[in-house]
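Please take a moment with the sequence and the structure shown below before reading on.

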Amino acid sequence: SLDEDAQDNYFADGLTDEVTIALANVRALQVTSRRSAAAVRAAGTGAREIAGQLGVRYLVEGRVRRAGGRLRISARLIEAAQDVHRWAGTYDGAVGDVFSIQEQIARAIVQALELRLTASEERGLAERAIDDIAAFECYLRARHEMWRWRRDSIDRAVQLLREALAIVGENPRLYAALGLAHLQYREAGIDLSATPLAEADACVSRLVALDGRSASGFQLRGWIAYSRGQIQDAVRDLKGALQAEPNHADTLLLLCNCYLVSGRVAAARPLLKRLAAVDPLTPITRCMPGFADIMEGRFAAAIEPYRQMLEMDQANPMARLFYVWALILDRRFESVREVLRTAPADQRHTLP
């Protein structure tokens, strides 16, 4: 996590995200997603408590300071159980140096942990998926908005990603995110026409033209196949994405879903454990074990995961729908009435 002034939130999130992705590609490490780390950080919890909630041994903490065109970033690696520093460093430079600084931080952490990198992992630390700060801030905000399953939020996500593409030109990660944002219209039941699929197809075509073997391309193609009900094709592509990025939370999430809707709960369970380890505090992650329980007919066991999802994101109408679904399956009709009675007014005329 990064501890920064509120005015630099998105800037710090960009740095955190890139360091997280770089370290996650080191196979000797299991790195918790930025989304989950940010959720714990927001609660102002201490290092040991954070590590306990995330199930990790080490934490990376830091601070970002921007003044005009100058930048200062300090970071430290903490062994949480003993609350001792394994490494600390401070970096000064221009704002445009942030991507070089984040690579230096990632390499310093790897060195402090005494890890030996493969040639591909060395290259991964140097890669820069989006090398413009403004574009990356757009990307981060869009990733948050698209998972809220509301029309206004998805609209904002699409607009932000188009703004980012206008800044940096064609970019694989941005096309992947834009394609997924369009598919969210279908996932949320907002637009079930062919339009979101056509928009996503256009994005994956650009992705393949830019890099036919990218993890982002495999992932988006898997999402499109899933949206068309072509589950076997989706599983094939998502497995390809996981080979390149073994701990990518979104890929793990969808692959789990593909197995569960196919009734292959035993195949999904190990992936659900991996997903919970790398992204434990994202609401949709929290409910997935409940989906597995439902597919096994264990309706009472499913209620708590879905309740937790709704508690974490009260503004998400799909979270309320999922929770109601679990309650109905367990025939808890009075609880259903209470959940519906307390629904926010702006959710009462949505499809969920």
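In which helix does N257 lie?

## A residue in helix α12

The model shown here is predicted, and this report begins with one residue in it. N257 is found in helix α12, which covers residues 249–261. With a relative accessibility of 14%, N257 counts as buried, because the limit for that class is a value under 20%. When residues up to four places away in sequence are left aside, the contacts of N257 are with Y226, M288 and F291.

F291, one of those contacts of N257, also belongs to helix α14, where it is among the residues that meet helix α15. That pair of helices is described next.

## Helices α14 and α15

Helix α14 takes in residues 283–295 and helix α15 takes in residues 299–312, and the two pack with their axes 8 Å apart at an angle of about 165°. This angle makes α14 roughly antiparallel to α15, since angles over 145 degrees are placed in that class. The crossing of α14 and α15 is left-handed.

On the side of α14, the residues that take part in the contact are P283, I284, R286, C287, G290, F291, D293 and I294, and on the side of α15 they are F299, A301, A302, P305, Y306, Q308, M309 and M312. Sorted by class, the residues of this contact comprise twelve nonpolar, two polar and two charged.

## Helices α8 and α9

What angle do helix α8 and helix α9 make where they pack? Helix α8, residues 172–187, and helix α9, residues 195–210, pack at about 165°, and their axes lie 8 Å apart. The two helices, α8 and α9, are therefore roughly antiparallel to each other, and their crossing is left-handed.

The residues of α8 in this contact are P172, Y175, A176, L178, G179, H182, L183, Y185 and R186, which meet P196, L197, E199, A200, C203, R206, L207 and L210 in α9. The contact of α8 with α9 is made up, by class, of twelve nonpolar, two polar and three charged residues.

## Salt bridges

How many salt bridges does the count come to? The count comes to 22 salt bridges, and a few of them are set out here. D293, which was named above among the residues of α14 that meet α15, forms a salt bridge with R298, and the closest N and O atoms of this pair are 2.3 Å apart. D293 is buried, its relative accessible area being 7%, whereas R298, at 40% relative accessibility, counts as partly exposed.

Another salt bridge joins the side chains of R86 and E79, at 3.5 Å from N to O. Here E79 counts as buried at 13% relative accessibility, while R86 counts as partly exposed at 33%. In the salt bridge between R307 and E304, the closest N and O atoms are 2.7 Å apart. These two residues, R307 and E304, are three residues apart in helix α15, so about one helical turn separates them. R307 has a relative accessible area of 28% and is partly exposed, and E304, with a relative accessible area of 35%, is also partly exposed.

## Loop residues and a buried glycine

Is E114 buried or exposed? E114 is exposed, with a relative accessible area of 69%, and its place is in the loop between α4 (98–112) and α5. The phi of E114 is near 60°, which is a positive value in a residue other than glycine. R331 likewise has a positive phi, of about 60°, although R331 is not a glycine. The loop that holds R331 runs between α16 (317–329) and α17 (333–341), and R331 counts as exposed at 62% relative accessibility.

G124 is buried, with a relative accessible area of 15%. From C-alpha to C-alpha, G124 and E103 are 9.7 Å apart in space, and in sequence they are 21 residues apart.

Terms used. Residues numbered from 1 in each chain as written. Predicted model: local features only at pLDDT ≥ 70, side-chain atom pairs only at ≥ 80, totals over all residues. Heavy atoms only, no water. Buried < 20%, exposed > 50% of the residue type's maximum accessible area, 1.4 Å probe, protein only. Helix = DSSP H or I, 4+ residues; strand = E, 2+ residues; numbered from the N terminus. Contact = heavy atoms within 4.5 Å. Axes fitted to C-alpha atoms, helices over the stretch in contact; angles between N-to-C directions. Parallel < 35°, antiparallel > 145°, perpendicular 65-115°, else oblique. Left-handed = near helix turned anticlockwise from the far one by under 90°. Nonpolar A, V, L, I, M, F, W, Y, C, P; charged D, E, K, R; others polar. Salt bridge = Lys/Arg side-chain N within 4 Å of Asp/Glu carboxyl O.
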